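Today I open my notebook on a protein and the DNA beside it. Come and look things up with me.

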Amino acid sequence: MINKGDVVRTGPVTWEIPKTYRKDMRVPVRIFADERLLNAALKDKSLTQAVNASTLPGLVSHVTVMPDVHQGYGFPIGGVAATSYPEGVISPGAIGYDINCGVRLLASQIAYEEAEPYLDDLALQLDENCPSGVGVKGSVRLSVDDLEDVCRNGSNWALNNGYAWEDDIPSTEEHGRIRNADPRDVSPRAMERGRSQLGTLGGGNHFIEVDLVEKIFDHEAAEAMNLSEGYLVLQIHCGSRGFGHQICSDYVRDLQSAVRKYKIQLPDRELVCAPLNSPEGEAYLSAMSCAANYAFANRQVLVSHARRAFEQTFAGKVANYELTQVYDIAHNMGKIEDHQIEGKQVRVCVHRKGATRAFGPGFSELPEKYRHLGQPVLVPGSMGTASWVLLGTEGSMLQSFGSTCHGAGRTMSRKKAKKSIRGDQLRKQLMKKGIRIHAGSMAGLAEEAPHAYKDVDAVVNVVTQAGIAKKVARLRPVAVIKG
DNA sequence: ATGTCC
């Protein structure tokens with residue numbers, strides 16, 4: 001375990017574990033945290049995992065740790081590692097089992113006051129239209145050919161099949177489609193699991209949530225995003241379901257032989273990896289991209305379900321019940337990107353696991369309305385607490401490979417959380433706070449209790465103080481649908 | 001996160 005004495009303070013909210021801490025480190029570990037969040041990070045294996053990650057072949061500059069960090073499979077959730085392309089490695093564990101887990105935000109023109117009498121009905125309609133829970137199947141059934149189309153085309157598949165509006169696409173990271181995704185690199189078993197799960201939410205901390213915009217911090221950005229104080233928005237947090245999970249499992253197993261073949265020394269088997277330019281590394285990158293496209297399409301189908309729920313609830317009741325897409329952004333991905341590091345342009349594979357891409361102003365992929373502002377960043381809080389809309393900055397480009405935090409971050413294990421409160425009690429507490437809850441399982445609900453998570457406001461204050469994100473708006477939940 | 005062990 002790492003001790004506080006091993007960590008050097010480098011600024012008000014920045015810390016470093018120097019390369020000299022352990023002989024096998026290739027780069028230092030840089031941590032964004034206040035004193036309290038650092039102490040939380042020292043309590044589990046997350047910083048040891050960050051040090052382990054700092055031994056990966058081909059790493060560039062440093063490993064980054066976000067304030068919402070907690071331990072994960074081999075690599076911390078809340079970690080960023082960039083490896084040189086193409087001779088560095090790619091590691092499935094440094095991307096996560098839920099490939100392209102991410103958040104989508106949609107804006108409405110419905111004021112909370114106006115919607116209040118219909119919110120119980122809206123929560124019910126969302127629950128009925130959006131299947132949730134582990135292993136749950138959706139209304140969309142895909143042939144193997146269709147699923148191959150989803151793998152290659154992501155959100156474009158959704159647009160061609162009536163699940164998207166034209167304007168949704170440019171407001172999605174990568175326009176909802178990662179290139180060079182070849183379904184031949186996906187196992188038949190993953191394909192089988194993927195066929196029935198498109199347009200489903202899943203379990204754990206995945207949710208669909210109706211929020212109201214509680215406070216705007218950046219009026220120019222909020223206007224570009226269609227966000228106004230007191231109005232409803234819809235947030236979707238989910239990923240690639242059993243499809244991405246199966247792909248990660250397959251490659252964690254298969255790449256073990258690549259580790260031996262390329263004689264890669266690892267401090268932890270869970271960091272299994274392969275060179276980006278090896279056949280094994282290329283196959284994983286392609287399969288991961290298929291899962292990413294599946295997740296984009298999944299969130300897009302959920303949007304069409306949610307639009308139906310809004311129509312069923314509000315048609316004839318409010319003048320305009322349209323949901324316009326603000327943005328869709330991943331927080332579990334490996335991306336090939338160009339970055340300026342110490343004055344030099346480098347091409348790297350940025351592994352972001354529980355870390356959100358946060359590119360600064362001038363980024364050409366962004367739609368014009370956002371290009372001068374920076375990339376929108378969506379940070380979901382824990383259930384029953386605030387969520388945040390942020391922007392990427394020049395600072396995130398310089399300090400964290402264009403990345404920032406992704407959420408509140410767990411402090412209590414699922415098991416401990418379940419023991420600490422009963423689901424039905426928690427539901428009552430949240431109802432008292434004006435939050436409608438539809439949950440598939442009361443045990444699952446207890447696992448997501450707000451007190452099992454860090455304070456999302458403290459996390460956001462660290463990243464904004466460090467300059468790796470900028471505040472746009474704070475959202476407050478009024479209805480949550482989860483598995 | 002995950003047909004929470006094929």
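I begin with a term: a polar contact is a pair of N or O atoms within 3.5 Å. I note that this is a predicted model, where local features need pLDDT of at least 70, side-chain atom pairs count only at pLDDT 80 or more, and totals for chains, interfaces and linings use all residues. Residues are numbered from 1 along each chain as its sequence is written, chains are lettered from A in the order in which they are written, and side-chain values use heavy atoms, without hydrogens and water.

**Entry 1: contacts with the DNA**

I looked up Q197 and found an N or O atom of its side chain 3.1 Å from a phosphate oxygen of DNA strand B. H245 has a side-chain N or O atom 3.3 Å from a sugar or linking oxygen of DNA strand B.

How many residues surround DNA strand B? I found 16, counting a residue as near if one of its heavy atoms lies within 4 Å. Among the closest are R193 and R241. Helix 9 (residues 241–261) gives the largest share of this surface, four residues; a helix here is a DSSP run of H or I, at least four residues long. On the DNA side, 63% of the atoms within 4 Å of the protein belong to sugar or phosphate, and the rest to bases.

Definitions and conventions
A polar contact is a pair of N or O atoms within 3.5 Å; within protein, one must be able to donate a hydrogen and the other to accept it, and residues adjacent in sequence count only if both atoms are side-chain atoms. Helices (H or I, at least four residues) and strands (E, at least two) are DSSP runs, numbered from the N terminus.
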